[in-house]
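Please read this briefing alongside the sequence and the model that follow.

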Amino acid sequence: MAQKNLTRPSEFLLLVFSEEPELQPLIFGLFLSMYLITVFGNLLIILAINSDSHLHTPMYFFLSNLSFVDICFTSTTIPKMLWNVYIQSQVITYEACLIQVYFLMLFAGLDDFLLTVMAYDRFAAICHPLYYTVIMNPKVCRILVLVSWAISVLHSLLQTLMVLRLSFCGKLEVPHYFCELNQIVRLACSDSFPNDLVIYITAVLLAGGPLTGIFYSYTKIASSIHRISSAQGKYKAFSTCVSHLSVVSLFYCTSLGVYVSSAATHSSQSSATASMMYTVVTPMLNPFIYSLRNRDMKTALKAFFRIAAIKRTLERLPTPVFWSGDFHGLSMGSHRVRHD
C-alpha cells in the first residue's frame with residue numbers, strides 16, 4: 001500500500017534507549033547527574049568571573065559567554081530526554097523537534113565561533129602583548145560576540161527553514177535521543193538534495209573556517225613562544241593556552257565523531273554515544289578544564305565560596321534587637337555620671 005505523504009507530521013519518535021526499558025532508571029540518573037554538573041559547573045564559572053574584578057578581562061569575558069552557551073546547549077536536549085524517560089514515552093512533537101533543531105544549530109555554532117574568538121584573543125595577547133589592550137578593547141570584544149550571535153542565528157534559521165520544505169511519510173523514527181538535523185533530513189520522502197547541499201556548504205564554511213582560524217592563531221602563537229629565550233617565559237606563555245587547546249580538541253574531536261559515526265555506521269547506539277559526547281560530556285568537562293588548569297580561576301572560585309559562606313553565616317545569626325536598649329541605657333548612665 002502506498003504511504004501517504006505528510007507535509008506537516010504531528011510527531012516524531014525518539015528511539016534511543018527505548019529498546020532496554022530495564023536500564024532506563026540508570027540512564028535517567030546518569031543523564032540527570034551530568035546535566036546538573038554541567039549547569040552548576042558553568043554557572044559557577046559565570047558567577048566567579050562576575051564577582052572578581054581581576055577576571056574582567058577579554059579572555060574571561062569570552063569564557064563566561066562560552067559557559068552560558070554550554071548551559072543553553074545542554075538544556076536544549078537533556079530535559080526533554082529526561083522527561084521522556086520519566087513518563088516512558090518516545091514522542092516529540094513536530095514543532096518541538098524543529099525548535100530543538102534550531103537551538104542546537106544556534107548554540108553549536110556559538111560554541112564554534114566563541115572558541116575561535118578565544119584563540120584570536122590568545123594570539124593577540126602572546127604575539128602582540130604591547131598592543132593587546134588596544135586590539136582587544138571592550139568594544140571589540142562585544143562586537144565579536146554580537147557577530148558570533150548574528151551568524152549563528154542566521155545559520156540556524158536557514159537550516160530550520162530548509163527542514164520546513166520537506167515532506168515526510170511512514171513511521172518517523174529518529175535513532176537519537178534528540179532531533180539531530182541529519183537524521184531528520186534522512187526521514188524525508190521528498191527531495192532532500194538541497195538540504196544536504198546546504199548542510200555540507202555551511203559545515204565547510206562555518207566549521208572549517210573557524211578551525212582554520214584557530215589553527216592559524218596557534219601557528220603564530222607557537223612561533224612566538226619559540227622565540228622566547230627563557231624556559232620560564234615559554235612555560236608561562238604556553239600555560240595560558242592549555243585550557244583553551246584542551247576544550248578546542250574536545251569540541252572538534254567529538255563533533256567529528258558524530259558525523260563520522262553517522263556516515264560510517266547505521267547503529268543507533270554508536271551514533272547516540274558520539275552525540276552524547278558532543279552535547280553532554282563536552283559542556284560538562286569545560287568548567288573542570290578551565291578551573292583545574294587555571295590559577296586565577298581557582299583563586300576566584302575559592303574567594304566566591306568564601307564570600308558565600310560568610311554571607312550564609314551572617315544570615316543565620318540572630319538579629320541583635322537588644323543592642324538598642326542597652327545603648328540607650330548606657331547613654332543615660334553616662335549622662336548621670338557627668339551630671340553628678
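Predicted model: local features only at pLDDT ≥ 70, side-chain atom pairs only at ≥ 80, totals over all residues.

Residues are numbered from 1 along each chain as its sequence is written, and side-chain values use heavy atoms, with hydrogens and water left out.

**Annotated spans**
- An unreviewed UniProt entry annotates "transmembrane region" at residues 26-48, 60-79, 99-120, 140-158, 197-216, 237-260 and 272-292; such annotations may be inferred rather than shown by experiment, and their positions are in the numbering used here, with feature names shortened.
- Residues 26-48 are 100% helix and 0% strand, with end C-alpha atoms 33 Å apart.
- Residues 140-158 are also 100% helix and 0% strand, and their end C-alpha atoms lie 27 Å apart.

**Sheet**
- An open sheet of 3 strands runs in the order E3-E2-E5 with mixed pairing, where strands (E, at least two residues) and helices (H or I, at least four) are DSSP runs numbered from the N terminus, and two strands pair if DSSP finds at least two bridges between them.
- Strand E3 (91-93) and strand E5 (173-174) are the edge strands, each pairing on one side only.
- Strand E2 (residues 11-14) pairs with E5 in the parallel sense over 2 bridges, and Leu13 stands opposite Glu173 in E5.

**Helix pair**
- The axes (lines fitted to C-alpha atoms, for helices over the stretch in contact, with angles from 0 to 180 degrees between N-to-C directions) of helix H2 (residues 58-75) and helix H6 (residues 138-164) come within 10 Å and cross at roughly 25°.
- H2 is therefore roughly parallel to H6, since angles under 35 degrees count as roughly parallel, over 145 as roughly antiparallel, 65 to 115 as roughly perpendicular and the rest as oblique.
- Contact (heavy atoms within 4.5 Å) involves residues including Phe61 and Phe68 of H2 and Arg142 and Trp149 of H6.
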